[in-house]
Amino acid sequence: MAGRKTSPKAKKSKDEVASFVTSIKNHVLATLAKDPSRSRLYDVYNATSYAVRDRLIERWVKTQDAYYKSNAKRVYYLSMEFLAGRTLGNSLVNMGLTDLCHEATHELGYDLEEVREAEWDAGLGNGGLGRLAACFLDSLATLEIPSYGYGIHYEYGIFYQKIVNGGQVEVPDNWLRYGNPWEFSRQGYLYPVNFYGRVDQFVDDHGSLRNEWVDTEKVMAMACDTPVPGYKNNHVINMRLWVARSSREFDLSFFNQGDYIRALEDKMRSETISKVLYPSDHMAEGRELRLKQQYFLVCATLQDIVRRHEKHNKSFDNFPEMVAIQLNDTHPVLSIPELMRILVDKNGYDWDAAWDLTVRTFGYTNHTLMPEALERWSAALLGAVLPRHLQIIYEINRRFLEHVAKAFPGDAEMIRRVSIIEEGKEKMVRMAHLAIVGSHSVNGVSALHTELLKTRVLSDFDKIFPGRFNNKTNGITPRRWLKKCNPGLSDLITSKIGEGWVTNLDQLKKLAPFAKDGRFREEWRAVKQGNKERLAKYIREHEGPTVNTDSMFDVQVKRIHEYKRQLLNVLHVITTYNRIKAAPSAKDFTPRTVIFGGKAAPSYQMAKLTIKLINSVADVVNEDKQIGDRLKVVFLANYRVSLAEKIMPAADLSEQISTAGTEASGTGNMKFALNGALTIGTLDGANIEIMEEVGAENIFIFGHTAEEVAKMGREGYNPVEYYENNPELKKAVDMIGNGYFSPFQTNLFAPIVESLLVHGDNFRVLADYASYVECQDRVSAAFKNKNIWDKMSILNTANMGKFSSDRTILEYAKEIWNVKPVHVS
């Protein structure tokens, strides 16, 4: 074994290191069937992962045993996304094995960092929703909450993004091409999932009308388990992801006739369900597959939950006392009619008793403020794929509307608004409405988001179910997002205040007095500089420009979407470019490296055009010798968790500039601030709570408030007035529209300009431009004074305790789930 050698960080005993080295070599030989002397980097990664996994398994088994022995109530977190990223580094941190593994890989001739880099990201999510779910699993394990995560084991995750000629090209993300050493396939946990068919009604022996779902097509769901360790405890929880398997491998009759493709057709069609994360839904086939994915997840999961419940309980009468199911957005909401089907059709409960059990079991987390993003399914499609479930949904709606009519007599308009079934040319099932009606708790994910749900988006439901809505501001795990991704800063913090902050992030407040310490600020600045140099090296190695590491690293990395307003950032870049061009000899410009990253949905043409614009502006700016290193623009391709772990520690400025009233929470804002970046942002999502924690003097706020944006919409908004009355804005927009950045296709970016000037500028980019540019001028002035900037940076980190996912999970556990920790000795 040979590779790049570095010195280990800290010394472990020779026996510990020798044992770990032996374990790695044994796995190379016995598990991978390779000669250890001829193994390559990926072999060492796999063998190291197996060696770490060995140390997890006993804890994992003991955790499950402790759950059964204590007969504990358990939490089941259902999510269509788990954006876990890489597992090796996180497991090493949580198990306290980082230094030991560092020395062991060093003995084998490898640097631990290059071994970790060999792991492929598990990209089983699209963005914040999936990353939040992964953070929550880390906190559940660390807090010793008896719990499980349930999702789908997609063969292809979120696409791999390539940038070709400045535009996004999607390539399949075959993250399993080399296998996954962290997961266990459980052929013993195989459940049938039914689709299509019809519903037969009959009268049972007791004279009751019963329903039976028959003549269905069957797919099997097989469990794939990944252990998730808590931080330096013995608690290891399970992330169970379902793989679709055909109920039969192939049709022998077709095979014997030589029709080999048709013989395998059923197998291929069945297993398509877990092939791809979020199939495109602009075609009917894609929408049907997406619906089937959602039911596949909930059907298999509920069978697994019921199996576990029935081991120690003779009936479902105490189901809500033993089971808490949290629905991460509307994707798993079919769990509600599915549990009703299990209770009523399979176990003979009457409707009212079953409904009481169901409502007390479920909690629903809403993640959006935009009405168009609230999921709706065609009733015709749902009835074809899941005929019994549509019947149950209709009955839930009938009884619910009867309740509303009694509580609000004569208010037909309210009944229309809150109905689970949306009447129109095509009947639609409103999944958010079903979730609210069928759950005992509905939570938003930031204070503003929850307030807007209660007063605007879902205000009728707050009147119908007073007290059902509550807030649980999102959080992030400090283990991955500080200790693991920023070891230099983590070590500096620990050297001053101890390591208690890793599991009690409020202890970071002890850092605040050090903001006045000049020597500490120098150490803080040195850590940031080192992180910037590492990111600059990554940019160079990935076909980017050479950037000035003394410049401000101004970063906006997130999903590309109009409401997140990457376009506003681009307009400021163009304005800065124009200012430098107008006064090239001026010495007072604050140098900036503006870094973008993020993926656009494959069918979202405006978002993809925005990526092309960013890269086209970058081509012009970066090649202009008059600009030099005073301004550089970088687009980092294929933004993912492991890349975020490089970017967050290096950022000076965090761009959180969504239109006020559109972002539910955001967690990128928390990750940046925890790593000492200052925020420029609107009063949107969790930005408001970050401002409250760090102090208005340590954050840069601009733009219209949510109420002002809403008022603009009511009273009329004319973006052309802003365009005509601001010369810098007009020049920047005109440069985009007249081909300055696309000389070979001058009208390339016309749709962007039209979205601003012709189609109403829906996200108020032009309205906030002047305030944004003025705020950026304040940012530039502050960055010039290193002592002031570093003090603000330290105080941001020191006041991020609230935004730990540990705090969020504790609130869920106490206020929604009513669960208690189970200690594993």
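User: Happy to start with a charge: over the ring of which residue does the charged end of Arg74 sit?
Analyst: This is a predicted model, in which local features need pLDDT of at least 70, side-chain atom pairs count only at pLDDT 80 or more, and totals for chains, interfaces and linings use all residues. Residues are numbered from 1 along each chain as its sequence is written, and side-chain values use heavy atoms, with hydrogens and water left out. A charge sits over a ring if NZ of Lys or CZ of Arg is within 6 Å of the ring centre and within 35 degrees of the ring normal. The charged end of Arg74 is 4.3 Å from the centre of the ring it sits over, that of Tyr68.

User: And which residue has Lys599 over its face?
Analyst: Here the distance to the ring centre is 5.3 Å. The ring belongs to Phe159.

User: How many aromatic pairs are there?
Analyst: Rings of Phe, Tyr and Trp (its six-membered ring) pair if their centres lie within 6.5 Å; planes under 30 degrees apart count as stacked, over 60 as edge-to-face and the rest as tilted. By this rule the count is 28.

User: Nice. How many residues apart in sequence are the parts that Tyr42 and Tyr178 tie together?
Analyst: The two rings form a tilted pair, 5.1 Å centre to centre with 55 degrees between the planes. Tyr42 lies in helix H2 (residues 41-70), and Tyr178 in the loop between strand S6 (167-171) and strand S7 (184-195); helices (H or I, at least four residues) and strands (E, at least two) are DSSP runs, numbered from the N terminus. The pair therefore links parts whose separation in sequence is 136 residues.

User: Is Tyr178 buried or exposed?
Analyst: Buried means under 20% relative accessible area, exposed over 50%, and partly exposed in between (1.4 Å probe, protein chains only). Tyr178 has 56% relative accessibility, so Tyr178 counts as exposed.

User: Let's turn to the sheet: in what order do its three strands stand?
Analyst: Two strands pair if DSSP finds at least two bridges between them. S15 and strand S16 (residues 428-430) pair in the antiparallel sense over two bridges, with Ile421 opposite Val429. The open, antiparallel sheet has the order S14-S16-S15.

User: Which strands then have one side left without a neighbour in the sheet?
Analyst: The strands in question stand at the edges, each with a single partner strand, so one side of each has no neighbour in the sheet. They are S14 (376-378) and S15 (421-422).
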